[in-house]
Every structure is written in C-alpha cells, then in structure tokens.
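Hi,

Here is the model I promised to pass on.

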Amino acid sequence: MATLFAVLIAPILVSALTAALRRWPRAAALAGAGSVALLALFVAVVTPASGEEPLGWELLGRTLSLDAAIGHILTLLYAGTALLLLLAALWPQGRDFTTAAIAALAPLALALMIRPFVYGTVALLAAASIQVGVIQAGRAGSTRAAMHFLTVVVLATPFFLVSGWMLDSEQLVFFRTLWRLLLAGSALLLAGVPFHFWVRPLVEEAAPLAVVAVLGLGQLVTITFVSLVFLENPMFAQTGLPFWLRAAGLATMALAGVLAVTSTQAKRAVAYAALLDMGAVLASMGTGGAGLPVVLLLVLARTLSLALVMAGLAQTGAAEETQQPPAGRLWPVLLAWYGAMSLVGLPLTPGFAGRWAAVGLLGQQSPWFAAVAIAAIAASAVGVWRTLPRPTLPSLAELPERQQVALPQIIAATLLLAAVMFALFPAWPRSLAVSLAALFV
Amino acid sequence: MSFPTIFDWLERLAFLQGMPAAAVIVAAGAILTVLWDWRVTIFALLLQYLASSFLYVEVLEPRLAIVKLFVGVFICLILYFTARQTAWGQAPADLSEAETAQLQEERRVGFGQYLTPASVPFRFLFALLVVVVLVSLSGRPGYQLPAVPPSLNLAIYALVGFGVVNAGLTAEPLRRGTGLLLILSGAELFYNTLEQSIVMLAVLAGANLMVALAVSYLTQLQLALPVASD
C-alpha cells in the first residue's frame, strides 16, 4: 500500500508543497526535484524484477498493477521530471510549471497501472488537464498551445472510451469498428496527420522545459499506454491497424519534412523536426512487436534532443526570428545545433540510432517507405540548417581577460557531454530500449 | 407537507423526457454556436446539462442521473465565476492605449440600427446546416448507434457535432472549452448507455470538472494582461 501511496498520492502532496513555495520559484523547483528524485529511487527499488509476480491492488473494484515494464517506465518518467525540475531551478520556467509538472505525475502513473484500460483513458484526460498548467505555466496572453493540446486529448477520449467498452465486453461483432476507433484515438494522441496541429504552437509558445515535459516525458507515457493496448490484444495484428499506423506515420514524416524545409523561424523548424520524430514513432508502432524497442529508443532520444535544443534556443534568444547570438555565447548555439540535429536523427547524434532503426524497419516493409522516410529526414535537416542561429566566435579583442565559468555553462556542458557519449556509444541506449521492450512481451 | 423527491419531480416533468430533451440539446448547441455572449453561453450549457440529465434517466438510476446534473451545475458555476472575474470577456475600463492595442475586437456589421459581430450570419447558417445534418443522419438506420434509443441517438450526435463545431470555430478558451465539454457530455451519454458503471460515472464526473478548471485557468490567463501579471 505504501507503493500505491507513493505513486498516486505523494506527487499531489509534493505538488501542494511546491505551490506553497511559489513565491520562491527556484526553491520550489529544487524541493520538487529532490522529492521526485526520491520517488524515482523508491519506485526503482520496489519494482519487481522481470519474471517476478507484479504488485497488485484493488481500487473501487478495479485492478492496479505495477510490473517490471511499467515500473521501469515510471522510474524513467520520475527521473526525467526530477532532472527537468533541477534545470527549472536554474532557469525558472513560469509560475505554475513546477507545481503542475509534479501533479501530472499521479494521473500519468495511474493511466499505465489501472485495468481495464478504459479507466487509463480518463486518467490521461485528467493528466492533460493538469499539463495545461505545465504548458501555460502562469504566462498571460496567448493560450493557443495549451488549448490545442487539451483539445486533442478530449477528442481522443470518446474513441478510447467506446473501443475500451468493446474490448472489455468482447463485442467482437464490432471488431472492424474497434480497430478504426483505436487508430483514430492513437493518431490524435500521437500527433498523426491531420491531428498534428498542436505540436507547432506548443514548441513556439510554451516554456522550453514544458516542451520537453509534454513532447518527451508525457509522450513516453502516452506511447506506453497505446502500446500496452495493442500488445494486450494481439488480434489487432491481423487487422488493417498496423498498415494504417505505418501510413499515418509516413504521412506525418513527409508533411513534417515539407513544413520544415519551408520554415523561416528556428522554433518552427524544431517543431517540425519533433513532428518528424513523432511520425517515425507512429510508423514504427505499425511494424508490430519488433517496433517496440525502436519506439522506446526514439522517444528517449527525443527527450534528450528536445532538452538540448530548447535549452540552447532559450539561451540564444532566438525565440522568434533567426538572429545571430551575442558574440561569446557559443555554448547555447552548440546545444541548439546538436539537439536539433539529433531530433532530425543525423549521424553522430543520440537520435541517429533510433532513426536508423526506424528506417530499417520501414525498409523491411517496402523500400519506398524507407525512401519517403529518408527524404523527410533530409528535408528536415535542410530546414533546421537554414533557420538555426549560426555560432559566431568572439574576436580576441572582445574576449575578457578572465572569464568566470557560471553554473548554467557547467550544466550545458554536462548535457552536451552526455549527448555526445550516447551518440558515440549507441549500444547503451539501444540495449536499454531492447531490455525495456522485452519486459512488455 | 412533504418535500417532493427526485421521483416526484421526474413524474411532474415526464413530458420533457425522450425526444423533447434531445430537441432542447439541439437548440442549446445551436445557441452556443450562434450567440457568443458569455452569459448566453453559460445559460445554454446549463440547459444542455439539464436536458442531458432527463436523458440519463432512461439509462441510469434517477439517483445517479441527478449526479450528472449536479456535476453540470458545478461546471457552469466554475465558468460563471471565471466569467465574472474576467468581466465577461470585456476589456477593463481603465486600460491605457498601449494595453487596449493588445486586445483585438471582432469587426462588426450593421443591420439597420443594430450592430452585430461580422461572423454571426455565417455562424447562424452553419448552425442551421449542422441541425439539418444531425436530424437527417440520426434518423437513418445506418447511423443508429448500438443499443441506443432514438432520442439518445439524436442527443449524442448533437452534443458531439456541436461540440466539434464550437471547438473548431474559435481558439478562445471559454468558447472552445464549452465545445470540449459538449463532446465529453456526448461521449459520457453514449458510454453510460452501453455500461452503467458507477465507478466510471464518478471518474468521468471528476475528469469533466478537471477540464472545466483547466478551461477556467486558461480563460483567466488569456484575458490577463502580460504587464499586469508579470
């Protein structure tokens, strides 16, 4: 019961604590980071090993279970959130960011743990209502990004509710309708064309770390949720669902490539590069069980890439227009460039391993699929290249005699170093994704 | 003298159950689409929740159906207080010129001595079109939802249809949020017809309230002036 309390109640309590500390955003973020890191440690310790009996509870007649696969995903979610909050302590993201980011952890965990999955759908809706606070973060003015995000999750809810009822009550007479409902719901949640409209406003308007929280960590939970629905019902492999997932994924990648290459602003190009990655995830999901390690590898690399590029862009001040960064600020530009290239999936970046595996999987289905994916990647790379700010080295005369290294620079260097290590030794993230995926089978 | 119970009220208002309640939902959806005054929006939403609760009586225990009405009333109260706090979407009187320039008023057209927002004729025709499509589709056998009586069929189509229309017509949080709440109402009505689960009823009620709070939060922030809030 202590585990259930830690997973479902503790985030709400910690969130309330950080709300009380809202006047001191750095202290709130630090307290939140420490608490969520402890939570990650706790979940890592109590998660049963592979092959062991999962932990189970009854809640209002419904089953909640924590097995090895879900436990590891939750550990990654908490650890990632703790790191984001640590970064938020350095670069405050907005009045409500910390409180909402921690509160959203409870329904996100519930969505993965509760069965039947129809209740998980409602938990995802509750999480989206809280993530609205992460995206808006107390910022006055345009609410387009948060409203678009809430809209897609609300639109997806009826599809999952009805298909959940059909699955639970074994209404196989509606089987043809069932997989179509799931396809529509999945395309909505995972930004498949034409439901991609929320991604660009999110990257353009939300605080940098909010983008990482929603498109990286939030999507990790959503992707796991959708994958669990498909894996627990293997009959979907015999339907048109895999084909249409691949088609939706490829269409998303192609559109992202076209939009990226015509972009004139850095943040837009980055948004379309993220959309390209989301398309690759959808397409990989359509390749069946073999696609799961690739999907996990893609979303983990996306989280790291987005953290790099958003932190870099925020520091360069290139939020809206392409502009040269102030002389001497090389680190943020390097971060943004490396992160964006990783998001596109170019070689020698952390995103390459996942992108290459996804292209390989699609190539096994048809060489044309791989060709479309490679063309989309190339177009995105061109779009990112054209719009990101160029690094400019200060002249010797401009350099101060003695420059003090600040904490943000150290953090940026650590992030960049971690990304380079992942890029140089791709076997480590790949083996993590493969072992994670093996837990689901 | 004894206070009338839920069952007494239902007996007195029996004439509203079935198709009349579905017709009220269609009318409320059309009002929400055409008239964008916030007072009218909240009133039409309340009307929709009231009519929906009469339809829930056909598929749920009356004691559970009344819970749906209470949730609807709470949602309308949340939106009402939000609207009050943001002066019903109007700009405060003491704004400077620079602050006024940040707010974009919709263009107005004149009909004789009356001025109306330019999009009203379009929205009126659109709402009319949606009503025609809803009524003709929901009556066709091929579009009959499984295990759903005809009145509920029309109501579910109307809630989801007008919900999507309202969510798509504007990005303004209160109006789009109203559309999202309509979609959720339609989905709930359909789900509760298929499965009468008390747990799901409670969970969906909670989710509805959370969406209403999110809409309220965004409405407040959209109308807060950056200068004042930062």
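Before the notes, one term: a contact means heavy atoms within 4.5 Å. This is a predicted model, so local features need pLDDT of at least 70 and side-chain atom pairs count only at pLDDT 80 or more, while totals for chains, interfaces and linings use all residues. Residues are numbered from 1 along each chain as its sequence is written, chains are lettered from A and ligands numbered from 1 in the order in which they are written, and side-chain values use heavy atoms, with hydrogens and water left out.

Chain B to start with. In chain B, 72% of the contacts with a separation of 6 or more are between residues 24 or more positions apart. Chain B has 10 helices and 2 strands, where helices (H or I, at least four residues) and strands (E, at least two) are DSSP runs numbered from the N terminus. Read from the N terminus, the order is α-α-α-α-α-β-β-α-α-α-α-α. A compact globule of 230 residues would have a radius of gyration near 17 Å, and chain B agrees with that at 19 Å. (The radius is taken over C-alpha atoms, and the globule rule is 2.2 Å times the number of residues to the power 0.38.) The C-alpha trace of chain B spans about 55 × 40 × 35 Å along its principal axes. Buried residues are 49% of the 230 in chain B; buried is under 20% relative accessible area, exposed is over 50%, and partly exposed is in between (1.4 Å probe, protein chains only). Chain B exposes about 11,400 Å², with 68% of it supplied by carbon and sulfur atoms. Those areas come from the Shrake-Rupley method with a 1.4 Å probe, and for residues only the protein chains shown count as cover.

- Ser216(B) sits in helix H9 (residues 198-223) of chain B. Ser216(B) counts as buried because its relative accessibility is 10%. Leaving aside neighbours within four places in sequence, Ser216(B) is in contact with Ile78(B) and Thr82(B).
- Gly18(B) is in the loop between helix H1 (6-12) and helix H2 (19-34) of chain B. With a relative accessible area of 11%, Gly18(B) is buried too. Setting aside neighbours within four places in sequence, Gly18(B) is in contact with Leu55(B), Glu58(B) and Ser151(B).

Now chain A, which has 18 helices and 3 strands. Its radius of gyration is 21 Å, close to the 22 Å that the globule rule gives for 441 residues, so chain A is as compact as a globular protein of that length. The C-alpha atoms of chain A fill a box of roughly 75 × 55 × 40 Å along the principal axes. Of its 441 residues, 60% count as buried. Chain A exposes about 16,800 Å², and carbon and sulfur atoms supply 69% of that.

For the backbone geometry, keep in mind that most residues other than glycine have a negative phi, and most peptide bonds are trans. Here are the spots to check in chain A:

- The Arg115(A) to Pro116(A) peptide bond is cis, with omega near 0°. Pro116(A) lies in the loop between strand S3 (114-115) and helix H6 (117-136) of chain A.
- Val193(A) and Pro194(A) are joined by a cis peptide bond, with omega about 5°. Pro194(A) is in the loop between helix H8 (175-189) and helix H9 (199-205) of chain A.
- Ala191(A), in the loop between H8 and H9 of chain A, has a positive phi of about 65° although it is not a glycine. Ala191(A) counts as buried at 0% relative accessibility.
- Ala137(A) has a phi near 50° and is in the loop between H6 and helix H7 (144-168) of chain A. Ala137(A) is buried, at 4% relative accessibility.

That's what I have so far, so over to you.

Cheers
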